[in-house]
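Colleague: I would like to learn how to read strands, sheets and helices in a model, going from one feature to the next. Could you take me through some cases?

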Amino acid sequence: MTIPDSYAVFGFPIKHSKSPRIHQLFAEQTAQNLTYTAQEVPATHFQAMAQTFFREGGKGLNCTVPLKELAWQFADHLTERAQFAKAVNTLALQADGSILGDNTDGKGLVTDLIINQKVLLSNQSVLILGAGGATRGIINPLLSLNPAQLVIANRTVEKARHLASEFSNSEAQITGCGFAALAGEQFDVIINATAASLSDDLPPLPPNILAEKGCCYDLAYSTQPTAFVRWGQQPNAAINVDGLGMLIEQAAEAFYLWRGVRPDTQAVIRLFSVHDKKQLVEQRS
Ligand code: NDP
């Protein structure tokens, strides 16, 4: 039997990562001979551990919080979308021994929004909450879908303004502001890309900000509804979901980069949704 190719996700913390299970399911589906492990890697150890991983024969890494910027610096060369994002979530060993850095987060979000949730973005008014690494990765893919306007609102206002100005030569109107400036505005699609959900917190949003039949999308995901998903449980919302679909779609894009085959994400999304619902019932009973 041939030795399986080795892949891993690095992050801190990483204990609850769903990525090993997702990639194991992809590998079974597509008959790929590989292993995929989760390794707890603090930022201070990232460079040395990534070097060791590839030196010992590793083929590819996923990098998550707080390592995406370090992975961007680590890569020998970058895909166009990773250059824009200034953050890398996927490293791939190339035939010549160099390391390619990619960012599959934006593709993951857009695929989940457009294909799985059937959300239209063309001519829609879109609000992104947060101006961190995830926001950087999703701006260009969202702009490519021609929204009427894209507003980035952040707790640290300057970061939102700065980020918006980096993309200001796009055709869509893109602006950055603080949460207070959202009073009186309405949006068709509201994407929560803050880390607030991780501490069951919610950015301060004014009333009536979601347009009729609007979409609420939390990048964070959890077995329990996140604070933002609970906020989205309102009559105006036609769609109100967390980031599980994005997680699985960005993983599929990384898998494709590494293996050259596209897994069936629908089957994996169904499996996780059923599993998460079962866990929730068990926790509540
Ligand atoms: P960063 O640490 O880079 O950025 C965090 C952002 O959240 C900043 O804009 C920060 O504001 C803001 N923030 C943090 N806490 C609060 C709060 N209590 N209230 C309001 N704003 C707050 O994180 P990332 O951008 O990498 O990740 C953001 C989220 O996206 C995380 O929940 C992560 O799990 C999720 N994610 C999900 C993915 C998926 O596949 N589903 C992929 C990537 C990310 P400030 O600038 O003022 O500090």
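Modeller: Let us begin with one pair of residues, bearing in mind that this is a predicted model: asparagine 62 stands opposite threonine 90, which belongs to strand 5.

Colleague: How many bridges join strand 3 to strand 5, and do they run parallel or antiparallel?

Modeller: Strand 3, residues 60-63, and strand 5, residues 90-93, run antiparallel and are joined by three bridges. Strand 5 is also joined to strand 6, residues 99-102, by four bridges, and this pair too runs antiparallel; within it, alanine 92 has leucine 100 of strand 6 as its bridge partner.

Colleague: What do strand 5 and strand 6 form, and which residue in the turn has a positive phi?

Modeller: They form a hairpin with five residues between the two strands, and in the turn glycine 97 has a positive phi of about 90°.

Colleague: In what order do the six strands of the open sheet come?

Modeller: The order is 9-8-7-10-11-12, with parallel pairing. Strand 9 (173-177) and strand 12 (237-241) each have a single partner strand and stand at the edges, so one side of each is left without a neighbour in the sheet. From one strand to the next, the twist averages 15°.

Colleague: Where in that sheet could I look at a single pairing, and what lies across it?

Modeller: Take strand 7, residues 125-129, and strand 10, residues 187-192, which pair in the parallel sense over four bridges; leucine 127 has isoleucine 190 in strand 10 as its bridge partner. Helix 6, residues 133-143, lies across strand 7, strand 8, strand 9 and strand 10, and runs at about 170° to strand 7.

Colleague: How should I read a helix by itself, for example helix 9?

Modeller: The general idea is that an α-helix has 3.6 residues a turn, so residues three or four places apart point the same way. Helix 9, residues 244-259, has 16 residues and reaches 22 Å from its first C-alpha to its last, close to the 22 Å expected at 1.5 Å a residue. Helix 9 is mostly covered, with 13 of its 16 residues buried.

Colleague: Why is lysine 18 called buried?

Modeller: Lysine 18 counts as buried because its relative accessible area is 17%, and buried means under 20%. Lysine 18 lies in the loop between strand 1 (5-11) and helix 1 (19-30), and, leaving aside residues up to four places away in sequence, it touches Tyr221, Leu244, Leu247, Phe272 and Asp276.

Methods: Residues numbered from 1 in each chain as written. Predicted model: local features only at pLDDT ≥ 70, side-chain atom pairs only at ≥ 80, totals over all residues. Heavy atoms only, no water. Buried < 20%, exposed > 50% of the residue type's maximum accessible area, 1.4 Å probe, protein only. Contact = heavy atoms within 4.5 Å. Expected span 1.5 Å × (residues − 1). Pairing = 2+ DSSP bridges. Axes fitted to C-alpha atoms, helices over the stretch in contact; angles between N-to-C directions.
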